[in-house]
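Have a try before you read on!

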Amino acid sequence: MTAYIYDAVRTPRGRGKSNGSLYVVRPVDLLARCLEAVRDRNHIDTAYVDDVVMGCVTQSGDQGQCIARTAALVAGYDLDAPGVTLNRFCGSGLEAVNHAAAMVASGFHDLVVAGGVESMSRVEMGSDGGAMMDPQTELLLNTVPQGISADLIATIRGFSRDDVDRFALESQRRATNSWEHRFFDRSVIPVKDQSGLVILDKDEHVRPDTTLEGLGKLKPAFEMLGKNFALDDLAKKTYPEVEHIRHVHHAGNSSGIVDGAAAVLVGSKAAGERFGMRPRAIVKSVALAGADPIIMLTGPLPATRKALAKVGMEIGDIDHFEVNEAFASVPLMFMQEFGVDHAKVNPEGGAIALGHPLGATGAMLLGTALDALERKGQSTALITLCIGGGMGIATIIERV
Amino acid sequence: MTTHKNAAFECSFEAESGIATLLLAMEGKTNKVDRTFAEGLVDAIAWAKSQAGLKGVILGTAHKNFCVGADIDSLYPMRDPQATFDYVKGLNGIFRSLETMGVPVVGALTGSALGGGYELALATHRRFAIDDPGVQIGLPEVSLGVIPGAGGTQRLPRIVGVQKALEHITQGQPVRAPKAKQLGMVDELFPDRDTLYAAAKAWILANPKAKQPWDDKGFKFPAPAPTSQDARNIFMVACAMLYKKVGNTMPQVEAAICAIQEGSVLEFERGLEVESRWFVKCAISDTSKDMIRTFWYHRNAALKAEGLPALGAGEDMGIQKVTILGAGMMGAGLAFICADKGLTVVLKDINEAQLAAGRKHCEAELAKKKHLSAEARASLLGRITFTLETAPIAGSDLIIEAVVENDEVKHAVTRELEPLLSARGIWASNTSAIPITHLAKASAKTDRFIGLHFFSPVEVMPLLEIIRGEATSDETVARCLAFTKLLGKVPIVVNDGYGFFTSRVFGTYLMEAVQLVAEGHDPVLVEQAAKQVGMVVPPLKVFDEVTLKLGHHGILQRERYLGQNVSDIPGVKLLKTLVEQHQRLGKAHGAGFYDYPQAGAGERRIWPGLAALVAAKPAKTGIAYIADRLMYIQVLEVARCLEEGILRDKRDAEVGAIFGIGFAPSSGGPLAWMDRRGVANVVAKLDAFAAEDPASAASARWKAPELLRKMAAAGGENGRFWPRA
């Protein structure tokens, strides 16, 4: 059976700090607004929703206790619509879509709302603890903070500070252009308060006034940690041929910390017919891959190869790529590895400009790709994200 | 006053105050943690509790030290995990019963409290110490390959916080009482025993409900909370810093970090269990056996000069006035440490600027001695005569020659100045390689001519390699050993031969690194490999510091003394090329294997020009291969020194390699390193290296000595250097 994508919505992305617009909004509400929009735009009876599958990375505090189910209840979904919250770190949002697609394709489910949420301003990244970096695991795995991994990629692949800064600048330019030309209109739903006042209707992390000069002045964010606290040395245990790690990443060429949520409506052909929905695309291929957790961010490469190979496609068959801009060196690595033209990669701007609300980003990227394919009359897109712990995820969608 | 006594404690109870005093008073003037101690403590606690009207307990010592920790003789043979676990579990139960006995307990640290001794103090409610830098406090367990096993990793973090506890426990360096107070490891300091005991009594009476913080319902961990992001970062960085320092060669330090973190998030008593499980893993390990053998048994034997010529009973070493010839860093350092020990010192040079630099060095060293009074400083410096003249030397009991490494210069200096020695005066050369017997040719009193090879920086390096020339007398050796003891150095006594012991082995280490580079192995990997096997200094970096110029000089000198032509060896060729054609003379000259940018302009980097001077990258390379080469070449040289009789005692191989040249400390030394791998396997590996070595024909670099082949053939206990622990 085929899994169809019927709709994709997202909130705008607010700065993920206490000065961000969405800081005053509960994450469950961000997600509930997306669930409401998917329901209302498509006139579905939520009693037919087999599951609400949501990605969320830091599942504690406001985001604890299975936020997917809570959001479904808050959004007034039928009590019969259950919910599950999953965590594949930065791949969670796309994992949710893939999971939904798998359930539909298998015939077990007919209609699933997938997506994700992350309020990074309210629930601090890493505040859920975990064993990944406790001493015993650390001594076994030797993982380092991901910024150092990103710098290691830049070092090994020869990306200079200028390369990553130029990439960041272009991300800002593209995101600014996307907003100017209203490319996100179909997906973005404003976040409003109890009285209907708009709290945020536009991505607020974008900095249209970014200059190369300005970026050049920013201090590398991980140099001190790497050099003074020996984390570079630890990384060099696994990469001993690297004499010095070149620290090139900073806040201006890494993904923005933001708040946001997204939802994607995935269903069978029959579900679409039931509610009179026109499918927009199919989920053609999904893949996961694992890679070395120290360099951590190379997962998109094997995941992409796997996703392509499964359906007999080649990199040249893809019209549009969304490669999550966790750090500039990740999409640069992707382009270098596959020889893909920059024009095809993140053409609407990426997380460096728009932000990366961890659990939601994958679903947002899928919506962005879908909108762009439709606007340009193109057919296929590949969405991929690097993931903590050294994983990668990729999804290929094709318009119908 | 009621009294009671057992094999470990002298107990007394003062009915008026209701205070019981339990004094550790073990046989042999040293209180240590063993079964006698444990049984004694159980008995003492029970006795105290049986006293009617008991209001509190002072836990102190009848000896100089409070308690110096675990009895190593009982620890060393422990190999059975269950028995070891039961032992520490029992000990923890006793300490727990002390801190929960229902009355306040004060630890009276009138002397040093180390290891299990300090853990005992941690199980009291209040730690009072004497304000004396001679009182040492702390948890040095990791230096013997284990971790604190009687609650140290659980109580200390709960008292001083995870950051300080981590630093203290992972470094394994005891601190002086004032510093312990500053860190919160003791609560208060007192000028003497009487005031301390009076304060202890007062504190007991003022705090009748005292209990441990962790037994308080509202207990809060000192910030940062162990589950906080800050604490998580501290632990992550601790792992990284440890790796940077010693690679993964110190499993016991890793275990300490794990025990602290994993126990800190649990209820206290279960935290103790976590510690016990980590302790057992370390205590029964080969690492701890090898470290204990070398850092405890061998080091102590060396410090006591066991098996070496000794002065007669009551005999004085007869060294009061010392002259140091040459005011370089070594000479000036020597002058300083001698003056620091109360000797009268003459520091002589022929160059005014050098002499001034020597004085400056001494003044800088003096500035580091923060605990000295103004008078003590003045008198220390006043004991050194800085001079360009020879007259002040007259009457010296010891002259240590530290002039340039040139036998002609050394001969000339000996001829000129030896007559100025006092009647029984000793002439010592600080040469790092030139045979003492050869240098003694210029001496009129060869029985009092000796090699005293100090290591740089001499204020810090613990080893002194004493070299006997052919004619050096036992008496001269004995007097020099007494001098070594005065300086607080660890001695090894070796026989004469070019490079003696340490320089020979260290030379192979450095030259093998150069050889590897010449063969086309990545120099960055060479440095990494050395770290990963636990070598204290990376070879190319330290070669730059020693200076390539000196290494080059050493090669030429070695060829001259040994009559060997080594110029065909690729590593030797590379070194010669670097020095002779590219002026890569070493760090001091701004250019060696590394480029040295101006301060603040980035890190040192391998000189890019090196690539053009070496072979193409070999097929067989990588960290593991390179590390093997660096280690096997050293242990091979050690075996040769043993076979040739340069080493007169196996102990000196371990002590000399570890304390002199930074051979991987956790191995216990080169002989233990071979034992760990099996001598037969070592020989097989050496043969394999010989077969593949491009320079093998020219130098027989990898030829295994007969000594090793015989041991390999013998197998069993005869195939080992040390009995299996």
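**Exercise 1.** Which residues do ring pairs link into a cluster with B:Tyr632?

*Solution.* Keep in mind that this is a predicted model.

Step 1. Begin with the whole structure: a search over all chains finds 21 aromatic pairs.

Step 2. Take the pair B:Tyr632 and B:Phe689. The ring centres are 5.8 Å apart and the planes stand at 65 degrees, so this pair is edge-to-face. The cut-offs behind this step are centres within 6.5 Å for a pair and planes over 60 degrees for edge-to-face.

Step 3. B:Tyr632 belongs to helix 24 (residues 623-643) of chain B and B:Phe689 to helix 27 (residues 679-692) of chain B, so the pair ties together parts that are 57 residues apart in sequence. Both B:Tyr632 and B:Phe689 are buried.

Step 4. Now give the cluster: B:Tyr632 is linked by ring pairs with B:Tyr625, B:Trp673, B:Phe689 and B:Trp702.

**Exercise 2.** Over which ring does the charged end of A:Arg10 sit, and over which ring does that of B:Arg604 sit?

*Solution.* Step 1. In chain A, look at A:Arg10: its charged end lies over the ring of A:Phe184, 4.9 Å from the ring centre.

Step 1. In chain B, the ring of B:Tyr594 has the charged end of B:Arg604 over it, 4.7 Å from the centre.

**Exercise 3.** Describe how helix 3 and helix 11 of chain B pack.

*Solution.* Step 1. Two packed helices are described by the angle between their axes and the distance between the axes.

Step 1. For helix 3 (residues 81-99) and helix 11 (residues 268-283) of chain B, the angle is about 145 degrees and the axes are 9 Å apart.

**Exercise 4.** Is A:Arg246 buried, partly exposed or exposed, and which residues is it in contact with, leaving aside its neighbours within four places in sequence?

*Solution.* Step 1. Find A:Arg246 in the loop between helix 9 (231-238) and strand 8 (258-267) of chain A.

Step 1. Its relative accessible area is 37%, so A:Arg246 is partly exposed. Buried would need under 20%, and exposed over 50%.

Step 2. List the contacts of A:Arg246 beyond those sequence neighbours: A:Asp151, A:Ala154, A:Thr155, A:Gly158, A:Phe159 and A:Ser160.

Step 3. Compare chain and space: A:Phe222 is 24 residues from A:Arg246 along the chain, and their C-alpha atoms are separated by 9.9 Å.

**Exercise 5.** Where are the cis peptide bonds from B:Ala223 to B:Pro224 and from B:Ser456 to B:Pro457?

*Solution.* Step 1. The bond from B:Ala223 to B:Pro224 has omega near 0 degrees. B:Pro224 lies in the loop between helix 8 (193-206) and helix 9 (229-246) of chain B.

Step 1. For the bond from B:Ser456 to B:Pro457, omega is near -5 degrees. Look for B:Pro457 in the loop between strand 16 (449-454) and strand 17 (463-468) of chain B.

**Exercise 6.** What is the phi of A:Asn142, and what is the phi of B:Ala305?

*Solution.* Step 1. A:Asn142 is not a glycine, yet it has a positive phi of about 60 degrees. Its place is the loop between helix 4 (135-141) and helix 5 (146-157) of chain A. With 6% relative accessibility, A:Asn142 counts as buried.

Step 1. B:Ala305, also not a glycine, has a positive phi of about 55 degrees. B:Ala305 sits in the loop between helix 12 (286-303) and strand 11 (321-325) of chain B. Its relative accessibility is 18%, so B:Ala305 counts as buried.

**Exercise 7.** How many Å apart are the C-alpha atoms of B:Ala20 and B:Cys480?

*Solution.* Step 1. Locate B:Ala20 in strand 3 (residues 19-24) of chain B. At 0% relative accessibility, B:Ala20 is buried.

Step 1. Read off the separation from B:Cys480: 460 residues in sequence and 49 Å in space, C-alpha to C-alpha.

Note on methods:
Residues numbered from 1 in each chain as written. Chains lettered and ligands numbered in written order. Predicted model: local features only at pLDDT ≥ 70, side-chain atom pairs only at ≥ 80, totals over all residues. Heavy atoms only, no water. Phe/Tyr/Trp six-rings, centres within 6.5 Å; stacked < 30°, edge-to-face > 60°. Helix = DSSP H or I, 4+ residues; strand = E, 2+ residues; numbered from the N terminus. Buried < 20%, exposed > 50% of the residue type's maximum accessible area, 1.4 Å probe, protein only. Lys NZ or Arg CZ within 6 Å of the ring centre and 35° of its normal. Axes fitted to C-alpha atoms, helices over the stretch in contact; angles between N-to-C directions. Contact = heavy atoms within 4.5 Å.
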